[in-house]
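Take a slow look at the model before reading on.

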Amino acid sequence: MPDLSRAAGPTGSRSRGSDRTWLVALAASFWGLSALWREPLAREYPALAIVFWEHLVLVVLVSPWVVPAVRRVLAADVRTKVSVLVIGAGSSALATTLFTAAFRTGDPITPQVLQKLQPVIAVALAAVVLGERLHARYVLFAVPALAGAWLLAFADPLGVTVSSAKAAALAVGAAGLWAAGTVLGRAASAQLRFADITALRFVVGLVTLLVLNLVTSTPLALGWDAAPNILLLAAIPGLLALLLYYRALGRTPASRATLAELAFPLTAALVGVVALDASLTGSQWVGFAVVLASVVGLAVHEQVANRPSVVAPARAEEALAPTP
C-alpha cells in the first residue's frame, strides 16, 4: 500500500483521500446503542460496578493483544505513555462511570449536555496538542451540527435548566475526558497500532476502576440477569466501536473526528424512539435532520473538496513531528 503520508502538502490534498471521518461516525453510531443495555443496568446497580464488569469482559476479549501492546508502549516516548494513561483512566474508566451515573440520576439533561460540550473542548485541544488548523468553512459544518444537537437533546430547547450541581459536574467532567481521549488517541496512534491503543485503554481502565473500588468500597456484585447486558455492552459499543474508532483516528484530524462523533446522539435518538418507546418533538426531529446533514456533509466535503476544512497531515506521526 502506498505511503500517503509522505506527500501530504499544506493543503492536505493527500490526506483527503485517506480521511476516515465516515468511519468515526460509524463507530460513534454504535456508542448510541449503549442505552439499550446501560439504562436498565443503571436503574439497579452502581455505575462503578457496571463499568467494572464491562471493562473486565473487554480485557478478556482483547487479551491476545495485551502483551504486544504493553511492549510497544514501554518502548514509546513519554508523550505516548501519558496519552495512554489519560485515555484508559480518564476517557475509558472515569468518563464511562460518569456517563452511567447520569442515567441513574434520572436527569435527561446530563447525558445530552456532555455531547454538546465535547466538540468545543476537543477542537481547542486539537489545536494546542496536534497543531490542527481550521478554515472558516469548518464553521459551516460545526455550527449547524452543534445547534442541531442542542435541538435534538431537549424537547424544549429554550427552557433548559440544570437541576443540580451534581448533574452539571457529570456533564462537564465526561465531556472533558472524552474530548481528551479523541485528541490523545490520535496522538498515541503516531507510535501505536489501533489494536494496541484499544487493549491498553481497557487494561488501564480496569486497573483504575479497581483503585476506585478500593477507595469508595462500592459493591461490585451483579445478578446473573445482568450478564447478557454486560456482554452486549462490552462487545458492541465497547470493543467493536473502539476498534473502528482507533482504526480511523490515525488518519482523521481530531477536529473532524469530534464532529463526526455527533452520530452518537443521532443513534441514541433513534434507539429511544424505536426501541424504548420514547418520542421526539418537532424541534427534535429538525435537530436530528440538521445533525445528520452536517456530519454526512463534513465527511463528503473532506473527501471531494480541493481545500479541506481542517488542515492536518494525513497521519498522526506527521502532526507530532518536531519542527525543524
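Is F52 buried or exposed? F52 is buried, because its relative accessible area is 10% and the cut-off for buried is under 20%. Keep in mind that this is a predicted model.

Begin with the overall picture. The protein chain holds 15 helices and two strands. It has 324 residues, and 53% of them count as buried. Now consider contacts between residues at least 6 apart in sequence. Of these, 90% join residues at least 24 apart. The accessible surface of the chain is about 13,900 Å². Carbon and sulfur atoms account for 69% of that surface.

A pair of aromatic rings is described by two things: the distance of the centres and the angle of the planes. The structure has three aromatic pairs. One of them is formed by F52 and W53, whose ring centres are 5.4 Å apart. The planes of F52 and W53 stand at 85°, so this pair is edge-to-face; the cut-off for that label is over 60 degrees. What about the cover over W53? W53 has a relative accessibility of 32%, so W53 counts as partly exposed. Elsewhere, W31, Y245 and Y246 make up one aromatic cluster.

Next, follow a helix. Helix α10 runs over residues 194–216, which is 23 residues. From the first C-alpha to the last, α10 reaches 32 Å. That is close to the 33 Å expected at 1.5 Å a residue. After α10 comes S217. The phi of S217 is positive, near 55°.

L209 is buried, because its relative accessible area is 1%. Leave aside the neighbours within four places in sequence. L209 is then in contact with L48, V51, F52, H55, A93 and T97.

H55 sits in helix α4. With 2% relative accessibility, H55 counts as buried. Not counting residues up to four places away, H55 touches S92, A93, F202, G205, L206 and L209.

Now turn to charged side chains. How many salt bridges does the structure hold? There are three. One of them joins R38 and E54, with the closest N and O atoms 3.1 Å apart. R38 lies in helix α3 (residues 35–42) and E54 in helix α4 (residues 47–61), so the pair ties together parts that are 16 residues apart in sequence. Both R38 and E54 are buried.

Another salt bridge links R72 to D196, and here too the closest N and O atoms are 3.1 Å apart. R72 belongs to helix α5 (residues 63–75), while D196 belongs to helix α10, so this bridge ties together parts that are 124 residues apart in sequence. The two ends have their own levels of cover. R72 is partly exposed, because its relative accessible area is 33%. D196 counts as buried, because its relative accessibility is 0%.

D196 has a further partner. The side chains of R193 and D196 meet in a salt bridge of 3.3 Å, N to O. R193 is partly exposed, with a relative accessible area of 40%. Through shared partners, the salt bridges join R72, R193 and D196 into one network.

Which residues make the nonpolar surface patch of about 340 Å²? They are L292, V296, V300 and V304. V304 is found in helix α14, which covers residues 282–304. Is V304 buried or exposed? V304 counts as exposed, because its relative accessibility is 59% and the cut-off for exposed is over 50%.

Terms used: Residues numbered from 1 in each chain as written. Predicted model: local features only at pLDDT ≥ 70, side-chain atom pairs only at ≥ 80, totals over all residues. Heavy atoms only, no water. Helix = DSSP H or I, 4+ residues; strand = E, 2+ residues; numbered from the N terminus. Expected span 1.5 Å × (residues − 1). Patch = residues over 30% accessible without salt bridge, like charges linked within 9 Å, V, L, I, M, F, W, Y side chains within 5 Å. Areas by Shrake-Rupley, 256 points an atom, 1.4 Å probe, with all protein chains shown as cover. Salt bridge = Lys/Arg side-chain N within 4 Å of Asp/Glu carboxyl O. Buried < 20%, exposed > 50% of the residue type's maximum accessible area, 1.4 Å probe, protein only. Phe/Tyr/Trp six-rings, centres within 6.5 Å; stacked < 30°, edge-to-face > 60°. Contact = heavy atoms within 4.5 Å.
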